[in-house]
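Me: I have just opened this entry and would like a short tour. Could we begin with the ligand?
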Amino acid sequence: MDHFLYKNGVLHAEGVPVPEIASAVGTPFYAYSSATLTRHFRVVEEALQGHPHLICYAMKANSNQAVIKLLGSLGAGMDVVSGGEYRRAKAAGIPGERIVFSGVGKTEEEMVLALEGGIRQFNVESEPELLTLSKVAANLGKEVPITIRVNPDVDAKTHAKIATGKSENKFGIPIAKARAAYAQAAALPGIKVVGVDVHIGSQLTELEPYKQAFIKVAELTEQLREDGHEITRLDLGGGLGIPYERSNEAPPLPFDYGRVISETVGHLGCEIEVEPGRLIAGNAGILVTSVIYRKEGEGRDFLILDAAMNDLIRPAMYDAHHDIIPVVEPAPGADQAPIDLVGPVCESGDTFAKQRLMPHVGAGELVAFRSAGAYGAVMSSEYNSRPLIPEVLVHEDQFAVVRPRPTFDEMISRDTIPTWLE
Ligand code: LLP
C-alpha cells in the first residue's frame, strides 16, 4: 500500500495534489511519501517481531538526506557500501553503532573513515579484504566487529544483473570455504568475529531461495559455534521484491518472509539484521513528468516525455516495468490504446515502455511513474547535459524540496579549462 491515490480526480501524494508540486518545482521531479516510507519500515519491524533485530536500510536504494533522516528517526540503522554513503549516514545523524559496511571493494581510506567514525560491523567479502581490515584496525589500535559474507550458491530467480548469491557472482566467500576463513579471521589482530552475512539478490519474488540460503547459514552457524566462534548476529541481507505491476501477482509479504527467518534461523538465538532497500523506498516514490509531444509514427504512436533514461535508468538497464498513470484520473471506462513512452535522449534505449495500454494523454499533460522511490534518483546522471531532477518529500499536506534542480551554470562551472586551452 502507498499514499499516491486519486482524490477528486487528481493524483495526490498524501494530502498534496501532484500538479501543485509540478507548478512549484517544474517537471520532471521525484516525490516521496513520508507516510509510505514509515509504513514500510514498520511492516518490516512487525515481520521481525520476536527476534532481537536491527533493520539496516540499504541506502543505495535512495540516499537522500531527508529520507535517511526520517528512517533514522524511526530507529533504522543503515547498510552502506561506500565512504560516500557512510558520510551521508553520519550527516543525517545515524550513529556509527547502527551502520553496517558492505561491499566487495572497501578501500583502506573507507576502513579508516568508518573505524574512526564508529561502525557496528564490517561485512567482509574476501580474504584480501580481511587481511587489509585487520592491518588497518590494528594500526588504529581498534578491534572491529565483523561478519563474513558467505556466497551460498543459491539461485535467487531474479534478473541476472541483480542476482548475487550464485558461485559465478563476485560477492562473498564460497560457503564451502567459510570455516577456513573464520579460522583465519579469529586469529587476526584487530578483528572480532560476531556473525555471518548473506545477501542473495534483489527484487526476489519467491521465498524459496531465501529458505535455501538461510538453512545453509544456520548449518554454518552451528559448525562455526562448534569451531569455537561466538556467533551472535546474522545479517540476512535485503532483496525482498515489491509489486511493480498492479495487474500482476504481488511478491510474498514481509510477514511471510519473517516466518521464513524464524523457521530457518530462529532457533539460533542470534540478533537478526536485515538490509531492505527497495522494500522500504520503492513504492514510496513516484517520478512525475510532462508530455512534450504526442507523435504519430508509422504503425505506432509515441508519447515523448520530459523525463528520460538519465533520470530513471531501470527500464533501459533491466527491462524493468514501471506502471505509468495519468495525473488527471481518466474517466471510468475511458478508451485505452497502445503507445510507446519515450524520453528525449538520443538513443533508442531511451524507451520506458513499448505499446503500453494508456488512456489518451496529450501534450502538456502530466504522467507519473509508480514504484520509482528506489534506484531512481540515485542512479540518475546528467547524460545529454540534462540537469539532475529535483526530489520532493511530502508529509501529509506539506511538501519540501529535499534536493533542488541544479542550474545550468552550476553544472557547467564544475568543469575547468586547462591553462593551455585558455
Ligand atoms: N544488501 C546488499 C549487500 C545489497 O547489495 C543490496 C542491493 C541490498 C542489501 C538491498 O537490496 P534491496 O532490498 O533493495 O533489493 N539497481 C538495481 C538493484 C540493485 C541492488 C543492489 N544491491 C535495480 O534498480 O533493480
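Me: What lies 2.8 Å from a polar backbone atom of Gly 239?
Reply: That is an oxygen atom of the ligand. Please note that this is a predicted model.

Me: And which atom of Arg 314 lies 2.6 Å from an oxygen atom of the ligand?
Reply: For Arg 314, a polar side-chain atom lies at that distance from a ligand oxygen. Tyr 375 likewise places a polar side-chain atom 2.6 Å from an oxygen atom of the ligand.

Me: How much of the ligand does the protein bury?
Reply: The ligand taken alone exposes 590 Å², and the protein buries 91% of that.

Me: Which residues around the ligand come nearest?
Reply: There are 18 residues around the ligand, and Ser 202, Glu 275, Arg 278, Arg 314 and Tyr 375 come nearest.

Me: How do the residues of that shell divide?
Reply: The shell around the ligand consists of 6 nonpolar, 6 polar and 6 charged residues.

Me: How many residues line the largest pocket?
Reply: Its lining comprises 48 residues, with Ile 162, Ser 202, Gln 203, Arg 278 and Tyr 375 nearest the centre of the pocket. By class, the lining has 20 nonpolar, 14 polar and 14 charged residues.

Me: Which helices each supply at least two residues of that lining?
Reply: Helix H10, spanning 278-281, and helix H11, spanning 314-318, each supply at least two residues of the lining.

Note on methods: Residues are numbered from 1 along each chain as its sequence is written. This is a predicted model: local features need pLDDT of at least 70, side-chain atom pairs count only at pLDDT 80 or more; totals for chains, interfaces and linings use all residues. Side-chain values use heavy atoms; hydrogens and water are left out. A residue is near a molecule or strand if one of its heavy atoms lies within 4 Å of it. A polar contact is a pair of N or O atoms within 3.5 Å; within protein, one must be able to donate a hydrogen and the other to accept it, and residues adjacent in sequence count only if both atoms are side-chain atoms. Accessible areas come from the Shrake-Rupley method with a 1.4 Å probe; for residues, only the protein chains shown count as cover. Ala, Val, Leu, Ile, Met, Phe, Trp, Tyr, Cys and Pro count as nonpolar, Asp, Glu, Lys and Arg as charged, and the others, Gly among them, as polar. On a 1 Å grid over the protein atoms alone, a cavity is a set of points where a 1.4 Å probe fits but cannot get out, and a pocket is an open set with protein on both sides within 12 Å along at least five of seven lines; lining residues have an atom within 4 Å of a point. Helices (H or I, at least four residues) and strands (E, at least two) are DSSP runs, numbered from the N terminus.
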